[in-house]
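Me: I have a structure open and would like to talk through a few parts of it with you. Could we take it piece by piece?

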Amino acid sequence: MSEASWDLGPDGPVERGQVMYLAHAGQLTPVMARGVSGRRVTALGLDGGERSLAAERFYWMGQHRVDDVAALRTYWAKVQAGADAVDLHEAWRRLTASQQAGAVAGAGGAGDAGGAAQTVETVETVEPTRLAQLAVGGTDGEQVDAVVLAIFRDPSRFKVKRGQVQVASPEAVEAAERAAREEAEREQRLAWATAALRNRLGEGEAPDGPAEAVEAAARDGIEALIDLATFGAEGARSPQALALLEQLERRPAKADPGPVAFDLLVTLGELSRDDNLFVRRAGVPMAFPAEVLAEAEELARRAQSRREGVGLPSQRAPADMTGLLTIAVDDAATTEVDDAFAVEGNLLHVFVADVAAIVPRGSQVDAEAQRRASTLYLPEGKVPMMPAVLAEGACSLQEGEVRPALCFTAEVLSDGRLGFLEIREALCRVDRRVTYDQADAVLAGPAGASGLPDEVASLVRRGAAMMDLHRQHRTRNGSLSFQRSEIVFEIAPDGTVDIVRGDPNGPGRRLVSEMMVAVCAATGGYCRERGLPCVYRVQPAPDVPLPKVDAASLGPAEQVSLLRTLKPSGLTTRPAGHYSLGVDAYTQVTSPIRRYQDLLMHYQLKAVVRTGRPAMSDGQLLTLFSDVDKQAGVLRRVEQDSRRYWALRWLEQNPEAVLDGVVLRELGRGRVLVEIGALALQTPQQLARAGGGGRGRPRAGQMLRLKVAQVDARKDTLVLVEAT
């Protein structure tokens, strides 16, 4: 080894002036060696600066030598020009072709001197000089370095590692080329989407490209932005959306990109200012698949044919109960009418829409209803469980129309107990729909105030009297009735929010809610007594007996305290009571149009009524109920979040409002849970007085006058202060 040569150990000798290459920031840069200390090389770069570099830093150690930096620059220019002329594709093709030909010849040709057959395997590496010979027809240092630089620029067929050149397999090359094509296509779609959106924003010309391809790219980009607005940076399509925001120069360096994407989509008219992202996050489908809508139309047509006597089913005909005076009491805006009732002496007949008579188990409509779990009620509208042609048409107990129903007939005894329960398939006709306001006028107002015919008003009073007895029976059994707030947010087309207060404890609503409890409790008892597979909603008694109080008479904070002592309700196939309702068994059956668990129980009960045998076992029912209950829980959270959003939007629109609030409980660290009754809103707060001023920390039950210090509905931000 000469005086101008040093040994780097595993990396071999290095000579003074030897050209070596560093890979940094996507560039290959030459340096010339000046000396070695251990495993570090002192080298000069193209700018003449001296650097000390670890041997591991070098991408390639060439064999050419130069005397000074000027010569290094001249040599580097020649290497770059040589690399421009290298055809790596042809070199790779020739190399792999010769390897494959050799493999075939070796596998099927002559043996060696010892007579054993030879197999030529595909070579995974190639000497740099051999590759240079194939690529440029020479093997000197400059030609080898030019090939190495070409590989660095395009590593799809060869890679340099530890002085050797690795050869990519045909499969790897095909995959790399496919990935490159896909990346090019992504870049093209990004360019088209960027240009199209810039044009829509008035910031650029229309994109140059096939109209359909450009429109598809723009739509794909918008869907990616919606995903980002909905799920933030964790969204599945956030990389694509972030790239688009970068191109549109709309991504702040440190801001959460979700709101930025949302604002852009609002500007583009793709989302409204108040678009419900909670629904999108929950994956709730806003529209029904075409095949479900088509089947629903056919099922509605068949139902109409059966009512007209065409194609009647072979099973036993339902009981004709259309001669009974029957009414449905509901909200005036209700379009999905699940239930109605009639009274004969001390018999109460409750008719519940027989959805199962129209929608077969296992049909596409049934499967879609199971997936949705229930109708989703939002301030801005509803997302139904079933298509309107069924939910509001063929299945709904509309006034004046004959409809199939499950009839639950019970004897209401003088002490409020239900003496027996009969369940049968029936035909019913609602003679009159009665609104809650009309029922309230009958039950609490002066005679004739409701405007209802005398026989209808009399039926309302008879039903209410029966249910008052039943409620008293449950009260004696320890039921708890809590005072509830009912707020209706009315949303104008321009997003203006109006608040309408309802009375969930009014006599009309009490009549209907008690009737539904009575039917569900009686059906639970019916299944328990007969040992029928049933899913019961149960609630164990609290660990400590509660005082005998009327929960509705308690203040909000006292009610919350009482609620926190109760155990959660749950689902089980073992008969058990429901503590808060004061009943021995309870299963939900009264809302099959808008609650899938109720429809499941209808399938079960109808099978028993028709054949004496249940359609599903305990295990099958519980599995289905549990899955549906999970989705129903998701929908409840969407409803809660949506109502909170609109409450905050009202506060945004009424920033000077002074609100009555009550502290429900203390949360620790100076924070309290406050209820704003006028908005049915519970919110954690760390309260301070407007304009400062000290006083003791608010305590549970304390009434407060509050005003808004800060509110942002989209960001779910609300800060309240005490009004002075």
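Me: Let's start with helix H11. Which of its residues are buried?
Reply: In this predicted model, helix H11 covers residues 364-372, and its buried residues are Val365, Asp366, Glu368, Ala369 and Arg372. They lie on the same side of H11, because the arc that they cover around the axis is only 165 degrees.

Me: And what do those buried residues pack against?
Reply: The partners of the buried residues of H11 are helix H10 (290-307), strand S16 (381-383), helix H12 (388-394), helix H17 (596-611) and helix H18 (618-653).

Me: Which residue just after H11 has a positive phi?
Reply: That is alanine 373, which comes just after H11 and has a positive phi of about 80 degrees.

Me: You mentioned H17. Where is arginine 594 placed relative to that helix?
Reply: Arginine 594 sits in the loop between strand S23 (570-572) and H17, and with a relative accessible area of 29% it is partly exposed.

Me: What does arginine 594 touch, not counting residues up to four places away in sequence?
Reply: On that count, arginine 594 touches Glu336, Asp338, Ser374, Thr375, Tyr377 and Met385. As for leucine 376, it is 218 residues from arginine 594 in sequence, while the two C-alpha atoms are 8.5 Å apart in space.

Me: Switching to helix pairs: at what angle do H13 and H14 pack?
Reply: Helix H13 (residues 436-444) and helix H14 (residues 454-476) pack at about 75 degrees, and their axes are 10 Å apart. An angle from 65 to 115 degrees counts as roughly perpendicular, so H13 is roughly perpendicular to H14.

Me: Which residues make that contact?
Reply: From H13 the contact uses Ala439, Val442 and Leu443, and from H14 it uses Ala457, Val460, Arg461 and Ala464. By class, the residues of the contact of H13 with H14 are 6 nonpolar, no polar and 1 charged.

Me: And H6 with H7, how do their axes cross?
Reply: The axes of helix H6 (residues 211-231) and helix H7 (residues 238-247) cross at roughly 110 degrees and come within 8 Å, which makes H6 roughly perpendicular to H7. In this contact, Asp220, Gly221, Ala224, Leu225, Asp227 and Leu228 of H6 meet Ser238, Gln240, Ala241, Leu242, Leu244 and Leu245 of H7, and the contact divides into 7 nonpolar, 3 polar and 2 charged residues.

Me: Now the strands. In what order do S8, S9 and S10 stand in their sheet?
Reply: These 3 strands form an open sheet in the order S8-S10-S9, with antiparallel pairing. Strand S8 (125-126) and strand S9 (158-161) stand at the edges and have a single partner strand each, so one side of each is without a neighbour in the sheet. S8 is joined to strand S10 (residues 164-167) by 2 bridges, and threonine 125 stands opposite glutamine 166 in S10.

Me: Last one: how many bridges pair S20 with S21?
Reply: Strand S20 (residues 486-491) and strand S21 (residues 497-502) pair over 6 bridges in the antiparallel sense, with glutamate 490 opposite aspartate 498 in S21. The two strands form a hairpin with 5 residues between them, and glycine 495 in the turn has a positive phi of about 90 degrees.

Methods: Residues are numbered from 1 along each chain as its sequence is written. This is a predicted model: local features need pLDDT of at least 70, side-chain atom pairs count only at pLDDT 80 or more; totals for chains, interfaces and linings use all residues. Side-chain values use heavy atoms; hydrogens and water are left out. Buried means under 20% relative accessible area, exposed over 50%, partly exposed in between (1.4 Å probe, protein chains only). Helices (H or I, at least four residues) and strands (E, at least two) are DSSP runs, numbered from the N terminus. The arc is that of the directions from the helix axis to the C-beta atoms. Contact means heavy atoms within 4.5 Å. Two strands pair if DSSP finds at least two bridges between them. Axes are lines fitted to C-alpha atoms, for helices over the stretch in contact, and angles run from 0 to 180 degrees between N-to-C directions. Angles under 35 degrees count as roughly parallel, over 145 as roughly antiparallel, 65 to 115 as roughly perpendicular and the rest as oblique. Ala, Val, Leu, Ile, Met, Phe, Trp, Tyr, Cys and Pro count as nonpolar, Asp, Glu, Lys and Arg as charged, and the others, Gly among them, as polar.
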